[in-house]
Amino acid sequence: MRTASTDIADFLLHQIEMEIVPGRHSGTVIEGLFSFSAMPKDGPSVTDRFRLRIAVPDGFPRTLPEVSELNHKIARTAENHVNPDGTLCLGSPLGLRVAMAGGQSLSDFSDRCLVPFLYATSLRLSGQLGFYFGELDHGADGVFQDYKRIFGVTTEAATLMCTQMLSIKKRVANKRQCPCSCGRRLGKCPLHLRINSIRSLVPRSWFLVGQARRTPP
Ligand SMILES: [Zn+2]
């Protein structure tokens, strides 16, 4: 079985300008220049580097790392999805879990969660407009848009209904009317497959407040 330290060592083999730094009671902190090249089929190629701190918690991959940009290369604005303390808002918690599904390693996290963010950021910084890997608003509205995309539904009402379905037991949800307004019960609509795949990634408690709260924990 791979250990956390083997995993981090593997990651550092590919990120040779990063290193482990002291400074936390738990987990592992990696700092340095993070380099990447992305050549997506549907967008321009980007090669870039950012000075980052990646705080890998002991609970990884169940709990995802917190990533900060250290050089102010990215202005710390909501538009850039960077918090005032430099931490990057890589996506909604649910969106990140979905992106990480089946992923175990720090390299998986880097490829699926971090590089897409930095790719979009590099394009924005270089003045190239475009919406790659799904551009979102910062904060609660962005989370809600992300939910809509993840659920694959078209309206806000349907998005909200999906979160309600996820907050109740599968057996009960399958008997309710389907959020996609197909007129069937959820259990009879293909949407239930997507809902169930999300059930396997995050606990029901994530959605318990459902209707009242638009931002997940
Ligand atoms: Zn349906």
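## How the helices sit on the sheet

Helix α1 (residues 4–14) packs against helix α3 (residues 106–125) at an angle of about 50°, and their axes are 8 Å apart. That angle makes α1 oblique to α3 (under 35 degrees would be roughly parallel, over 145 roughly antiparallel, 65 to 115 roughly perpendicular, and the rest is oblique). Axes here are lines fitted to C-alpha atoms, for helices over the stretch in contact, with angles from 0 to 180 degrees between N-to-C directions. On the α1 side the contact uses Asp7, Ile8, Asp10, Phe11 and His14, and on the α3 side Leu106, Ser107 and Ser110 (contact puts C-beta atoms, placed from the backbone, within 7 Å).

Keep in mind that this is a predicted model: local features need pLDDT of at least 70, side-chain atom pairs count only at pLDDT 80 or more, and totals for chains, interfaces and linings use all residues. Residue numbers start from 1 along each chain as its sequence is written.

Now for the sheet. Four strands line up as β1-β2-β3-β4 in an open, antiparallel sheet (strands pair if DSSP finds at least two bridges between them). β1 (18–21) and β4 are at the edges with a single partner strand each, so one side of each has no neighbour in the sheet. The twist averages 30° from one strand to the next.

Both helices meet this sheet:

| Helix | Strands touched | Direction |
|---|---|---|
| α3 | β2, β3 and β4 | about 130° with β3 |

Just after α3, Gly127 takes a positive phi of about 80°.

Notes. Helices (H or I, at least four residues) and strands (E, at least two) are DSSP runs, numbered from the N terminus. Two residues are in contact if their C-beta atoms, placed from the backbone, lie within 7 Å.
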